[in-house]
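Subject: Structure for you to look at

Hello,

Here is the structure I said I would pass on. Please look through it first, then read the notes below it.

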Amino acid sequence: MLKKEWQAILKNKFFIVIIIALMTIPALYNLIFLSSMWDPYGKISDLPVAVVNQDQSAEINGKSVNLGKDLADEMAKGNDLDYHFVSDSTA
């Protein structure tokens, strides 16, 4: 019985077109959806990040240490993100 139904479907070209359309619509949806999420970290270097350094230097064992400035300098050297060093009022 099932074999006869498939034979009847495959003989009628209209049903074949309908079946292909019904398979294509979810496939296109998946393609569009997955392509938007395929490489989420691919353009992270274009992500703007505002950096506000309010760190104050400290004195340890007679040496002045400014970790905030050192960290900001290291961040400026790298190009992992699009760093913008701004004041607290601008941020």
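Leaving aside its neighbours within four places in sequence, which residues is Ala-58 in contact with? They are Lys-63, Ser-64 and Val-65, where contact means heavy atoms within 4.5 Å.

Two notes on how to read the rest. This is a predicted model, in which local features need pLDDT of at least 70 and side-chain atom pairs count only at pLDDT 80 or more, while totals for chains, interfaces and linings use all residues. Residues are numbered from 1 along each chain as its sequence is written, and side-chain values use heavy atoms, with hydrogens and water left out.

The chain as a whole

The chain has three helices and four strands; helices (H or I, at least four residues) and strands (E, at least two) are DSSP runs, numbered from the N terminus. In sequence order the pattern is α-α-β-β-β-α-β.

The radius of gyration of the chain is 30 Å, whereas a compact globule of 91 residues would have one near 12 Å. This radius is taken over C-alpha atoms, and the globule rule is 2.2 Å times the number of residues to the power 0.38. Along its principal axes, the C-alpha trace spans about 95 × 30 × 20 Å.

Buried residues account for 3% of the 91 in the chain. Buried means under 20% relative accessible area, exposed over 50%, and partly exposed in between (1.4 Å probe, protein chains only). The accessible surface of the chain is about 8300 Å², and 63% of that belongs to carbon and sulfur atoms. Accessible areas come from the Shrake-Rupley method with a 1.4 Å probe; for residues, only the protein chains shown count as cover. Of the contacts in the chain with a separation of 6 or more, 59% are between residues 24 or more positions apart.

Two distances

Ala-58 lies in strand 2 (residues 58-60) and is partly exposed, at 39% relative accessibility. Ala-58 is 17 residues from Tyr-41 in sequence, and the two are 37 Å apart in space, C-alpha to C-alpha.

Lys-3 belongs to helix 1 and is exposed, at 64% relative accessibility. From Lys-3 to Ala-27 there are 24 residues in sequence and 27 Å in space, again C-alpha to C-alpha.

Salt bridges

Side chains of opposite charge can pair when their charged atoms come close. A salt bridge is a side-chain nitrogen of Lys or Arg within 4 Å of a carboxyl oxygen of Asp or Glu, and the structure holds two of them.

One joins Asp-73 to Lys-69, with the closest N and O atoms 3.0 Å apart. Both residues lie in helix 3 (residues 67-77), four residues apart, which is about one turn of the helix. Asp-73 is partly exposed at 34% relative accessibility, and Lys-69 is partly exposed at 44%.

Glu-74 and Lys-77 also form a salt bridge, at 3.3 Å from N to O. These two are three residues apart in helix 3, so about one helical turn separates them. Glu-74 is partly exposed, with a relative accessible area of 49%, whereas Lys-77 is exposed, with 65%.

Aromatic pairs

Rings of Phe, Tyr and Trp (its six-membered ring) pair if their centres lie within 6.5 Å; planes under 30 degrees apart count as stacked, over 60 as edge-to-face and the rest as tilted. By this rule there are three aromatic pairs. Among them is the tilted pair of Phe-14 and Phe-15, with 6.2 Å between centres and 55 degrees between planes. Phe-14 is exposed at 55% relative accessible area, and Phe-15 is partly exposed at 40%.

Why does the pair of Tyr-83 and Phe-85 count as tilted? The ring centres of Tyr-83 and Phe-85 are 6.2 Å apart and the planes are at 35 degrees, so the pair is tilted. Tyr-83 is partly exposed at 22% relative accessible area, and Phe-85 is partly exposed at 41%.

A nonpolar patch

Patches are made of residues with over 30% relative accessible area and no salt bridge: like charges are joined within 9 Å, and nonpolar side chains (Val, Leu, Ile, Met, Phe, Trp, Tyr) within 5 Å. Leu-2, Trp-6, Leu-10, Ile-19, Ile-20 and Met-23 form a nonpolar patch on the surface, with about 640 Å² of accessible area together. Helix 1 (2-11) and helix 2 (13-36) each give at least two residues to the patch. Ile-20, in helix 2, is partly exposed at 46% relative accessibility.

Regards
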